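Subject: Structure handover

Hi,

Here is the structure for your files. My notes follow below it.

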Amino acid sequence: MSTATPTSRSLADAFTAKGLRLTAQRRVLLEIIESATSHLDAAGLLQLARDRDARINRATVYRTLEILKKLGLIDELDLMHLNGEKHYYEIRTGRDHIHLACFECGRIEEYESPVFDQLKQEIAQKQGFSIGVVRMEVGGRCSICVRANSREQ
Ligand SMILES: [Zn+2]
Ligand SMILES: [Zn+2]
């Protein structure tokens with residue numbers, strides 16, 4: 001997961017720039033989302049947040065995620081529904097990537113390609129479509145699971 005943002009502004013800055021109140025609890029949540037090294041779901045986020053401030057509750061987590069989504073600062077992903085209806089969140093980076101989900105071990109890999117960017121341009125040009133968000137997910141078996149399976153046979 002990339003930590004690069006399109007601007008150098010932090011989530012907290014973007015949040016207050018919109019005139020939203022940045023409480024201490026929200027600041028903790030924003031910091032965790034910003035420094036996340038994997039795709040977090042709401043429960044995972046709540047757990048990490050509680051390690052830092054035990055008063056943070058589920059409602060605060062959901063409300064904060066909802067605001068960040070509306071502001072276009074984070075993306076919501078379902079990652080091939082590997083874990084049922086769980087949703088995952090990641091900070092928007094300006095560089096679109098494809099998510100590769102392993103059905104066997106649950107690992108999520110990120111893949112960037114100029115071809116993906118070309119495809120977006122092509123869609124915009126040929127369809128005259130103004131693209132706001134692109135999401136692409138690929139499900140299958142990761143290279144580690146492929147290797148492990150071929151050894152077993
Ligand atoms: Zn990602
Ligand atoms: Zn795997």
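This is a predicted model: local features need pLDDT of at least 70, side-chain atom pairs count only at pLDDT 80 or more; totals for chains, interfaces and linings use all residues.

Residues are numbered from 1 along each chain as its sequence is written, chains are lettered from A and ligands numbered from 1 in the order in which they are written, and side-chain values use heavy atoms, with hydrogens and water left out.

H39 and E110 link distant parts of the chain, 71 residues apart. H39 sits in the loop between helix 2 (24-35) and strand 1 (40-41), E110 in strand 5 (residues 108-111). Helices (H or I, at least four residues) and strands (E, at least two) are DSSP runs, numbered from the N terminus. H39 is buried at 13% relative accessible area; E110 is partly exposed at 29%. Buried means under 20%, exposed over 50%, partly exposed in between (1.4 Å probe, protein chains only).

Three strands form an open antiparallel sheet, order 1-3-2. Strand 1 and strand 2 (74-77) are the edges, each pairing on one side only. Pairing requires at least two DSSP bridges between two strands. Strand 1 and strand 3 (residues 88-91) pair over 2 bridges. L40 has Y89 in strand 3 as its bridge partner.

**Salt bridges**

The count is 11, taking a side-chain nitrogen of Lys or Arg within 4 Å of a carboxyl oxygen of Asp or Glu. D75 and R92 meet at 2.9 Å, N to O. That pair joins strand 2 to the loop between strand 3 and strand 4 (98-102), 17 residues apart. D75 is buried at 11%, whereas R92 is partly exposed at 29%. R55 and D53 also meet at 2.9 Å. R55 is exposed at 61%; D53 is buried at 10%. E66 and K69 bridge at 3.5 Å. Both lie in helix 4, 3 residues apart, about one turn. E66, K69 and E76 are linked in a salt-bridge network.

Best wishes
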